[in-house]
Amino acid sequence: MEPNRDRDAPPYGTIFFDCDSTLSTIEGIDELTSRLPEAARARVRELTDAAMAGDLPLERVFGERLDATRPSEADLAEIADRYVSTAVPGARETVAALHSLGKEVHIVSGGLRPAILPLAEHLGITAERVHAVGVKLDGEGSYVDFERESPLARSGGKPEVVRAAAPDGRAALVGDGATDLEARSVLARFVCFAGVVERPAVVAAADNVVRELDLTRTLQHLLTADERAELEGGPHAGALAR
Ligand SMILES: [Mg+2]
């Protein structure tokens, strides 16, 4: 479905990407819970799926998941490594192409900030453009609490963060989940990246859907014809040719 409002057509100054199942093929919380007993693991998976499908508000799920897992500094470093090693094909090329056109690229995620920062660095995204939930650790690196005041730990938080980072609304977001879709009203475009997980309710409401496991396929929806032509003539031409 193409957006029918001209004012929503590209160019966009700011592009937001979700992290879990969008920039990376994993869900960070699933990595954390992999060491829990099977029953607890199944419970957390159920809660996460319900939140991502929009059936449960995120804040009902967030604290419960973290109380069950209590990630230490070492756990967070392990997830960070997993995020980088499972970055989706084309992620670096996509970010580099957008940067070459002068776009601001942000990550907006309900995931844990210390685990996401290394992926951001790997993709060439600066830390101040990473919006995620902080974690409080003690001097030994043990879990104390999560950043309870973060808007990203509750439903309705992504629109707030998106609006603050791109107040003119000339922005697009690429994501796979219900919390990504919530930001649609403050964006010019919402691209559903279904290359990792396809969530029917999100697909149905998206302006565009990409089903290939290749993030460069989102560029066709994020750029004007002139911007694509500019890329084609430069060192990032490969990002369009995949
Ligand atoms: Mg996601």
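Two strands pair if DSSP finds at least two bridges between them. Helices (H or I, at least four residues) and strands (E, at least two) are DSSP runs, numbered from the N terminus. The model is predicted: local features need pLDDT of at least 70, side-chain atom pairs count only at pLDDT 80 or more, and totals for chains, interfaces and linings use all residues. Residues are numbered from 1 along each chain as its sequence is written.

Start with the sheet. Six strands make up an open, parallel sheet, ordered S3-S2-S1-S6-S7-S8. Strand S3 (130-133) and strand S8 (208-210) are its edges, each pairing on one side only. From one strand to the next, the twist averages 20°.

Strand S7 (residues 189-193) pairs with S8 in the parallel sense, over three bridges. Val191 has Asn208 of S8 as its bridge partner. Helix H6 (residues 113-123) packs on the sheet and touches S2 and S3. Its direction makes about 150° with that of S2. Angles run from 0 to 180 degrees between N-to-C directions, with axes fitted to C-alpha atoms, for helices over the stretch in contact. Contact means C-beta atoms, placed from the backbone, within 7 Å.

Now turn to helix H3. Its buried residues are Leu58, Val61, Phe62, Leu66 and Thr69. They cover an arc of only 115° around the axis, which puts them on the same side of H3. The arc is taken from the directions from helix axis to C-beta atoms. Buried means 20 or more other C-beta atoms within 10 Å of the residue's own, placed from the backbone. Their cover includes helix H1 (28-33), helix H2 (38-52) and strand S2 (104-112). Arg70 follows H3, with a positive phi near 40°.

Note on methods
Buried ≥ 20, exposed ≤ 12 C-beta atoms within 10 Å, placed from the backbone. Contact = placed C-beta atoms within 7 Å.
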